[in-house]
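Have the sequence and the model open while reading.

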Amino acid sequence: MKKFIIAFSLIVAVIQLPAQDHNQANYDESKVPSYTLPDVLKTSSNTEVKDKATWEKVRRPEIIKLFEDNIYGQMPKSYSSIKYSVTNENDTAMNGKAKLKEVLIEVMNNNKPVKINLVLFVPNNVKKPVPAFLLINNRGKENTDPTRVAKSEFWPAEMLIDSGYAIAAIHVADMAPDDKVKYVNGVLQLYPEQLTADNGMKAIGAWAWGASRIMDYFEKDKDIDARKVAIVGHSRGGKASLWAAAQDQRFAICVSNCSGNTGAALARRQFGERINRINASFPHWFNNNYKKFNNNENLLPVDQHMLIALVAPRPVYATNASKDLWADPKGTFLSLKNAEKVYALYGLKSGLPSNPPGINEPITQSPLAYHNREGEHNLTAYDWSNFIKFADYHYKRTK
Ligand code: GTR
């Protein structure tokens, strides 16, 4: 009986661990430590970056390398082949409003394939090519149902089609299953050297890599305006969408929804989720080197405002939800604010106020956009409707 009680209490303790950690996180603004962010505009040799040429030639590549080496891992730049095949097509999907294309994208390297399934709807009766939104889907595949029997606010395809955009999705499991053991069964088979390197990519890197392969495909699809592709991700998907847009300058717009720690939120605030916790729960997301920063955020040579800055001058929209303190809404806003000076090098003026706007007060007419939606950690129709406004504004679309 005693043994049983001990075993039972142990199981309860294990089950409760994440919840306890959640509760132990700091949610008190007065307990945020004082911190100094690394200067996004100072090179490793201590030179002040004053123009976009120096930013692009010197500082930007330096920062990319810092993120690769310390957080997301290397991004492989080549593969031996890529093949696209349309596996299903329907010209009159969504009651005739859209064309459905399901495309299998097979990439080979190291004699190993990775197969990425793209679901794509293109609006009918709209002049081609059209701009597109691409979601890195980290939830169930039913959220991006090509038959449209299942519909979800997570990917409200009809809303995008009605607004004249193509809407696409890939699922993270095709690139790297979201599992600390199985994540190796995908893109990493193509790049085995990444698995043994301390700065090798893991799941988040693989998801971002997959998004770039969809860009390769979009460049060949005559229906899609490949110069107007917005990459979207929610939470862990939003960490990947930022890294994808930072790496691959073909993405015209980046949307990072509720991405929080190691996404759009500043690490040094140590508010909500922290690096030690994310590395413990998800050891398969970031590279081995990142574990050095557990409980030691100030040692990082970067912070997340520098990731946003890598997307400049392209527009970035980061969001939060009011009840999602785990993802640090204020830290997300401050990250955008601290990226402003890089946008300024391009003559772009941010429309963000000095303090975070109120709940449900989106700021979309700005290269750095933000909202804090009322409610829980999620990606909703409200969020999407604002992403559409943001894209319309930047693409100067009037409807
Ligand atoms: C949480 C994790 C967050 C976020 C989230 C999600 O458990 O701590 O960083 O990624 O999952 O993806 O929904």
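Where is P129 found? P129 sits in the loop between β3 (112-123) and β4 (130-137). The model is predicted.

**Cis peptide bonds**

- Most peptide bonds are trans.
- The bond from K128 to P129 is cis, and its omega is near -5 degrees.
- A cis bond also joins A312 to P313, with omega near 0 degrees.
- P313 belongs to the loop between α10 (304-309) and β8 (316-321).

- Most residues other than glycine have a negative phi.
- N46 has a positive phi, near 70 degrees, and is not a glycine.
- The loop between α1 (2-24) and α2 (52-72) holds N46.
- N46 counts as exposed because its relative accessibility is 60%, and the cut-off for exposed is over 50%.
- N110, also not a glycine, has a positive phi of about 50 degrees.
- N110 is placed in the loop between β2 (98-109) and β3.
- With a relative accessibility of 39%, N110 counts as partly exposed.

**Packing of α2 and α8**

- Two packed helices are described by the angle between their axes and the distance between the axes.
- For α2 and α8 (residues 236-247), the axes come within 11 Å and cross at roughly 145 degrees.
- The crossing of α2 past α8 is left-handed.
- On the α2 side, the contact is made by R60, I64, F67, E68 and Y72; on the α8 side, by W243, A246 and Q247.
- By residue class, this contact of α2 with α8 has five nonpolar residues, one polar residue and two charged residues.

**Cysteines**

- How many disulfides does the structure hold? The number is zero.
- The closest cysteine sulfur to that of C254 is in C258, 14 Å away, so the two are too far apart for a bond; a disulfide needs the sulfur atoms within 2.5 Å.
- Seen from C258, the closest cysteine sulfur is that of C254, at 14 Å, which is again too far for a bond.
- Are C254 and C258 buried or exposed? C254 counts as buried because its relative accessibility is 0%, and C258, at 1%, counts as buried as well. The cut-off for buried is under 20%.

Definitions and conventions
Residues are numbered from 1 along each chain as its sequence is written. This is a predicted model: local features need pLDDT of at least 70, side-chain atom pairs count only at pLDDT 80 or more; totals for chains, interfaces and linings use all residues. Side-chain values use heavy atoms; hydrogens and water are left out. Helices (H or I, at least four residues) and strands (E, at least two) are DSSP runs, numbered from the N terminus. Buried means under 20% relative accessible area, exposed over 50%, partly exposed in between (1.4 Å probe, protein chains only). Axes are lines fitted to C-alpha atoms, for helices over the stretch in contact, and angles run from 0 to 180 degrees between N-to-C directions. A crossing is left-handed if the near helix is turned anticlockwise from the far one by less than a right angle, and right-handed if clockwise. Contact means heavy atoms within 4.5 Å. Ala, Val, Leu, Ile, Met, Phe, Trp, Tyr, Cys and Pro count as nonpolar, Asp, Glu, Lys and Arg as charged, and the others, Gly among them, as polar.
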